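Me: I would like to go through this structure by question and answer. Please take the points one at a time.

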Amino acid sequence: IAATTSTSIPVHTGGNSRVLQIPGAPPPAEDRNAWTNVITPEYFETLGIGLVRGRVLSPQDRAGAPNVAVINEAFAREYFGDLDPIGRQVGLGAQPKTLIEIVGIVRDAHQTSLREAPPRMIYTPIAQSDEPPSRFTVSVRTATEAAALAPSVRDAVQSIDKDLVIRYMRTMEQQIDNSLVRERVLATLSTAFGLL
């Protein structure tokens, strides 16, 4: 079993895009931005997102340690091309307080839906976040029946703080099904019109 906490997960409708500053590059164009995801170190293992090069985040990437991030392949292609981004620094926001060193590259993952290409992603550690996010997603990977694990997950989350609000619980399969509602409706309508 593996578990992680993050501000977003793959095939989800929410996310946060921020302006990107790259030292040595021209001032950012309107579309120089990246989707940000604030995560715990177990994120990539839990969600099965493979490492391409460098390293993933670790418990040592905490407050007081050098600020680090992991990017995805789409980010590396868009902003670094044939250059190696490992060791390069970037800033998030119009006037970043600190620069963040890129320490790893991971595989692309569909973020908003399966219909859209994976966005440029940058993953930063929760422990180094200047402004702790107001909401999180808890993800659990298990070899057992996921639905049977739900009560234990709910109890574990509420044991941390009984006032935490759990909006919903669903499996990744349900998450993907949810993202394909439009396609299913269109297929049903097309079939109905075809029969008529």
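This is a predicted model: local features need pLDDT of at least 70, side-chain atom pairs count only at pLDDT 80 or more; totals for chains, interfaces and linings use all residues.

Reply: In helix α2, the buried residues are Ala-74, Phe-75, Ala-76, Tyr-79 and Phe-80. Among the elements that cover these residues are β2 (16-21), β3 (33-39), β5, β6, β7 and β8 (121-125).

Me: Which element gives the most to the largest nonpolar core?

Reply: The largest nonpolar core has 15 residues, and Leu-20, Ile-71, Phe-75, Phe-80, Val-90 and Ile-122 touch the most other members. At least two residues each come from β5 (68-72), α2 (73-80), β6 (89-92) and β7 (100-106). The element that gives the most, with four residues, is α2.

Me: How many residues are in the other core, which lies apart from it?

Reply: In soluble globular proteins, nonpolar side chains tend to be buried together. The core that lies apart from the largest one includes Leu-57, Val-106, Ala-109 and Met-121. Its residues number 14.

Me: Which residue just after α2 takes a positive phi?

Reply: Helix α2 covers residues 73-80. The phi just after this helix is about 55°, and the residue is Gly-81.

Me: How many residues apart in sequence are the parts that Asp-84 and Arg-53 tie together?

Reply: The side chains of Asp-84 and Arg-53 form a salt bridge, at 3.2 Å from N to O. Asp-84 is in the loop between α2 and β6, while Arg-53 is in strand β4 (residues 51-54), so the pair links parts whose separation in sequence is 31 residues.

Me: Is Arg-107, the salt-bridge partner of Glu-73, buried or partly exposed?

Reply: The closest N and O atoms of Arg-107 and Glu-73 are 3.0 Å apart. Arg-107 lies in the loop between β7 and β8 and Glu-73 in helix α2, so this pair ties together parts that are 34 residues apart in sequence. With buried meaning under 20% relative accessible area and exposed over 50%, the 43% of Arg-107 makes this residue partly exposed.

Me: Which residues make the nonpolar surface patch of about 290 Å²?

Reply: One member, Ile-1, lies in the segment before β1 (2-6). Ile-1 is exposed, because its relative accessible area is 80% and the cut-off for exposed is over 50%. The patch is made by Ile-1, Val-138 and Val-140.

Me: What share of the residues in the protein is buried?

Reply: The protein has five helices and nine strands. Its accessible surface is about 11,900 Å², with 53% belonging to carbon and sulfur atoms. Of the 196 residues, the buried share is 34%.

Terms used: Residues are numbered from 1 along each chain as its sequence is written. Side-chain values use heavy atoms; hydrogens and water are left out. Buried means under 20% relative accessible area, exposed over 50%, partly exposed in between (1.4 Å probe, protein chains only). Accessible areas come from the Shrake-Rupley method with a 1.4 Å probe; for residues, only the protein chains shown count as cover. A nonpolar core is a set of buried Ala, Val, Leu, Ile, Met, Phe, Trp, Tyr and Cys residues joined through side-chain atoms within 4.5 Å. Contact means heavy atoms within 4.5 Å. Patches are made of residues with over 30% relative accessible area and no salt bridge: like charges are joined within 9 Å, nonpolar side chains (Val, Leu, Ile, Met, Phe, Trp, Tyr) within 5 Å. A salt bridge is a side-chain nitrogen of Lys or Arg within 4 Å of a carboxyl oxygen of Asp or Glu.
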